[in-house]
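Q: Could we go through this model together, so that I learn how to read its charged pairs and its surface?

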Amino acid sequence: MEIFDIIGPVMVGPSSSHTAGAVRIGYVARKLLGEEIKEAEILLYGSFKDTGKGHGTDKALVAGLLGMRPDDYQISESFNIAKEKNIKITFGEARLVDAHPNSVELVLHGVDGASIDIVAQSIGGGKINIAQIDGIDTNFSGEYPTLIVHNLDQPGHVSEVTSMLSHKLVNIATMQLYRSFRGGRAVMVVECDQKIPDDGLKWLTKIEGVLKVTYFEGA
């Protein structure tokens with residue numbers, strides 16, 4: 001445990017879970033989308049839904065989607081800023097089952113046509129967990145350079161990804177593999193110690209059977 005895990009994050013209050021964590025969720029989701037946001041559907045669950053408005057969770061999520069960090073003084077103005085940028089924001093209730101009480105589902109659409117559906121959790125002290133991407137379970141914090149590869153569940157994809165990272169001298173910190181069902185869609189979540197060069201990411205997109213490559217440099 002680090003000292004900041006005890007003291008808490010540098011943030012605009014009032015709550016590390018409902019405010020700082022919510023900002024980080026929005027920020028990571030924006031990065032995972034990979035382009036400017038055109039439309040965001042924010043579906044709240046549990047404590048986020050029941051008490052989030054009083055803690056400013058709604059404004060914090062939007063602030064993160066705008067690229068703000070937890071210590072940004074403009075968090076309280078995020079609704080107005082989103083409106084000025086012509087970003088459509090809607091709120092609703094997430095239909096999740098046995099999820100963490102501080103959970104949110106973000107359905108995002110970008111200006112260039114990209115889209116992503118993320119379920120994320122604020123787990124305390126400003127820390128978060130990305131629990132699901134596009135309907136497939138995941139489990140990562142967004143604190144490290146993270147590569148997410150959506151692919152068909154076929155032999156060879158894991159070795160191709162790890163070979164590319166080795167060639168680029170990128171060390172793997174953790175690797176998690178998920179799939180919808182045997183032979184269906186699969187997801188690799190690879191947290192790394194170094195940033196991944198752009199040419200390596202572009203090479204992955206050309207591999208047969210790779211459906212989508214998402215990369216986040218870490219927050």
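**Reading charged pairs and a surface patch**

A: Asp153 is partly exposed, its relative accessible area being 24%. Please keep in mind throughout that this is a predicted model.

Q: With which residue does the side chain of Asp153 meet in a salt bridge?

A: The general idea is that side chains of opposite charge can pair when their charged atoms come close. Here the partner of Asp153 is Arg179, with 2.9 Å from N to O. The pair links distant parts of the chain, since Asp153 sits in the loop between strand 7 (146-152) and helix 6 (157-167), while Arg179 belongs to strand 8, 26 residues apart. Arg179 is itself partly exposed, at a relative accessible area of 49%.

Q: How many salt bridges does the structure hold?

A: There are eight salt bridges in the structure, and one of them joins the side chains of Lys212 and Asp134 at 3.2 Å, N to O. Lys212 lies in strand 10 (residues 210-216) and Asp134 in the loop between strand 5 (127-133) and strand 6 (136-140), so this pair ties together parts that are 78 residues apart in sequence. Lys212 is partly exposed at 26% relative accessible area, and Asp134 counts as partly exposed at 22%.

Q: Is Arg95, which forms a salt bridge with Glu93, buried or exposed?

A: Relative accessibility is read against cut-offs, with exposed meaning over 50% and buried under 20%. Arg95 counts as exposed because its relative accessibility is 71%, whereas Glu93, at 40%, is partly exposed. The closest N and O atoms of Glu93 and Arg95 are 3.7 Å apart.

Q: Turning from charge to nonpolar side chains, which residues form a nonpolar patch on the surface?

A: The patch consists of Val158, Met175 and Leu177, which together have about 230 Å² of accessible area. Leu177 is part of strand 8, residues 172-179, and counts as exposed because its relative accessibility is 52%.

Q: Where is Met188 placed, and is Met188 buried or exposed?

A: Met188 is found in strand 9, residues 185-192, and counts as buried because its relative accessibility is 2%. Although Met188 and Leu177 are eleven residues apart in sequence, their C-alpha atoms are 4.8 Å apart in space.

Technical notes
Residues numbered from 1 in each chain as written. Predicted model: local features only at pLDDT ≥ 70, side-chain atom pairs only at ≥ 80, totals over all residues. Heavy atoms only, no water. Patch = residues over 30% accessible without salt bridge, like charges linked within 9 Å, V, L, I, M, F, W, Y side chains within 5 Å. Areas by Shrake-Rupley, 256 points an atom, 1.4 Å probe, with all protein chains shown as cover. Salt bridge = Lys/Arg side-chain N within 4 Å of Asp/Glu carboxyl O. Helix = DSSP H or I, 4+ residues; strand = E, 2+ residues; numbered from the N terminus. Buried < 20%, exposed > 50% of the residue type's maximum accessible area, 1.4 Å probe, protein only.
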